[in-house]
Amino acid sequence: NQYPDIEGFQKQIDIKQLSFRMDTRNILVKELKNQYLNLNTSVKTKQNIQSLLNENTFTITTGHQLNLFTGPLYFLYKIISTINLTKLLKKEFPKYNFVPIYWMATEDHDFEEIQFFNFDENKIKWKKETSGAVGRLPTQGLDQVFDNFSKQLGNNKNAIEIKRLFQNSYIEHDNLTDATRYLANELFSAYGLIILDADKIELKKQFAPFVKDELSNQTCFNEVTKTNEQLSKNYKVQVNPREVNLFYLDKNIRERIIFEDDMYKINNSNLSFTPDEILQEVENYPEKFSPNVLMRPLYQEVILPNLCYIGGGGELAYWLELKNYFGKIEIPFPILLLRNSALLVTKKQIDKMNKLNISAEDIFLKQNSLVNKKVKDLSDIEIDFSNQRFLLKKMFSDLEELSNCTDRSFLGAVKAQEKKQLNGIDKLEKRLLIAQKRKLKEIVNRITLIQNEIFPKNSLQERYANFSKFYLSNGKELIPILFDALQPLDQEFDIIEI
């Protein structure tokens, strides 16, 4: 809709201000105050909630699953990107207010994706049989997880704080929604973060007209299907729409709604509705209808005065499928912004890289490519047969010309011999490289070890490691360091020394 720059935000403000109703603001603020009743709320967060009653206040939103103990590091990066963007916009547009929202995915049901986090080389896992929306899950069994995690932390000052965070979040709260809200509030309330659980009846009432439209007209399916046909010509489609992009949500179930034989059936249950009955069900019980991955963005934009959604690459890929759908139902499409990404490194790790002459660019290479590059750099002999390949190809090019002048049947034999000789050169180069790796074994091991430290399990640190690993050594200084480093509109991958 608009590009994520200052000019784009000015246009988005104008669009959203004209379309967002005052009564929706009143409902939102009332609901947020209810959700914060039993939480130790910072003055800044209270002010941000109250400011949503004003027509000159807008939100910047990120969303995330209810991962155990925040899950991977990029949970922090998404929220910090969101808060930092509100600060930047306030400087650019002082007559407006901008508040950061963390949308908790309380209605999600993919428990296997959120039931663990990684600490060093260990997976801290919550083993539990579940069904229905994860936000409603009771926290029973997390005391055992806490005991296991505590044993691995030690007892220094920062370890004690991590234990306090975990215990007060998960042992002292009855369900995963309340536990996650408490934890996010502890980490970010000082910065004015608003944490929203949209699995609430008053908010669902605002969304009910769009639920009815989806059931009656399948607008999401029709519009996204047309968009995907265009996208798929040059781009891998992230999510394909269903004919009905809604779930039926009740005590212990969140199941797809399927339209079949002129009836709306609830998957894996005996429940079914006629078209009239299901529309009446929406009217009577809007809280029982839950948007899927393609309709959740619409729900967000209906109930929030939102300007921008900050997400990862996969998230933005499916948001891009929704542009025409939003246009069809006349809801402003938000600005989309890729979240910040970062790599946290210690001074000790930087010193190791410097001693090995590994640059910031080098460390991102595939491990085999990194080792090969450094071995070639350090070797006292040339391990690059490019010149020999060039000379060989020149020789065979001359032979091809000769065969063209005499017997063209000779050409096939020439090409076959060329391929054989080039393969031989490749094999000799690989054997020489392997020999040099053995000779430089100690350095190869050091290169491998430092990259494994920085990229655990050969994956991006931010997608694997949990914040507790870094909190253990940096304590409460960790989050301010991240706030200083992550600038949302720069769109760079940051390497941060901690």
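In the predicted model, the side chains of K469 and D120 come together in a salt bridge, 3.2 Å from N to O; a salt bridge is taken here as a side-chain nitrogen of Lys or Arg within 4 Å of a carboxyl oxygen of Asp or Glu. This pair links distant parts of the chain, 349 residues apart, with K469 in helix α21 (residues 467–474) and D120 in the loop between β3 (116–119) and β4 (122–125). Helices (H or I, at least four residues) and strands (E, at least two) are DSSP runs, numbered from the N terminus. K469 counts as partly exposed at 34% relative accessibility, and D120 counts as partly exposed at 38%. For these classes, buried means under 20% relative accessible area, exposed over 50%, and partly exposed in between (1.4 Å probe, protein chains only).

As the model is predicted, local features need pLDDT of at least 70 and side-chain atom pairs count only at pLDDT 80 or more, whereas totals for chains, interfaces and linings use all residues. Residues are numbered from 1 along each chain as its sequence is written, and side-chain values use heavy atoms, with hydrogens and water left out.

A search of the whole structure finds 27 salt bridges. Among them, E107 and K204 meet through their side chains at 3.2 Å, N to O. E107 lies in the loop between β2 (97–104) and α5 (111–114) and K204 in helix α9 (residues 201–217), so this pair ties together parts that are 97 residues apart in sequence. E107 is buried, at 9% relative accessible area, and K204 is buried too, at 1%. A further salt bridge joins E462 to R339, with 2.9 Å between the closest N and O atoms. Here again distant parts of the chain are linked: E462 sits in helix α20 (residues 461–464) and R339 in the loop between β12 (335–338) and β13 (341–345), 123 residues apart. Both partners are buried, E462 at 2% relative accessibility and R339 at 8%. Returning to E107 and K204, salt bridges that share partners join these two residues with R136 and D199 into one network.

Turning to the nonpolar side chains, the largest nonpolar core has 104 residues, of which F69, F188, L215, I257 and L298 touch the most other members. Such a core is a set of buried Ala, Val, Leu, Ile, Met, Phe, Trp, Tyr and Cys residues joined through side-chain atoms within 4.5 Å. Leaving aside residues up to four places away in sequence, I257 touches L215, V244, L246, F247, Y248, Y264, K265, I266, I278 and F289, contact meaning heavy atoms within 4.5 Å. A second, separate core of 15 residues includes L343, M353, V371 and L440.

On the surface, F364, F493 and I495 form a nonpolar patch with about 250 Å² of accessible area together. Patches are made of residues with over 30% relative accessible area and no salt bridge, like charges being joined within 9 Å and nonpolar side chains (Val, Leu, Ile, Met, Phe, Trp, Tyr) within 5 Å. F493 lies in strand β14 (residues 493–497) and counts as partly exposed at 35% relative accessibility.

Q218, although not a glycine, has a positive phi of about 50 degrees; Q218 is found in the loop between α9 and α10 (219–231) and is buried, at 19% relative accessible area. D262, also a residue other than glycine, has a positive phi near 60 degrees. D262 lies in the loop between β7 (253–260) and β8 (263–266) and counts as exposed, at 58% relative accessibility.

Notes: Accessible areas come from the Shrake-Rupley method with a 1.4 Å probe; for residues, only the protein chains shown count as cover.
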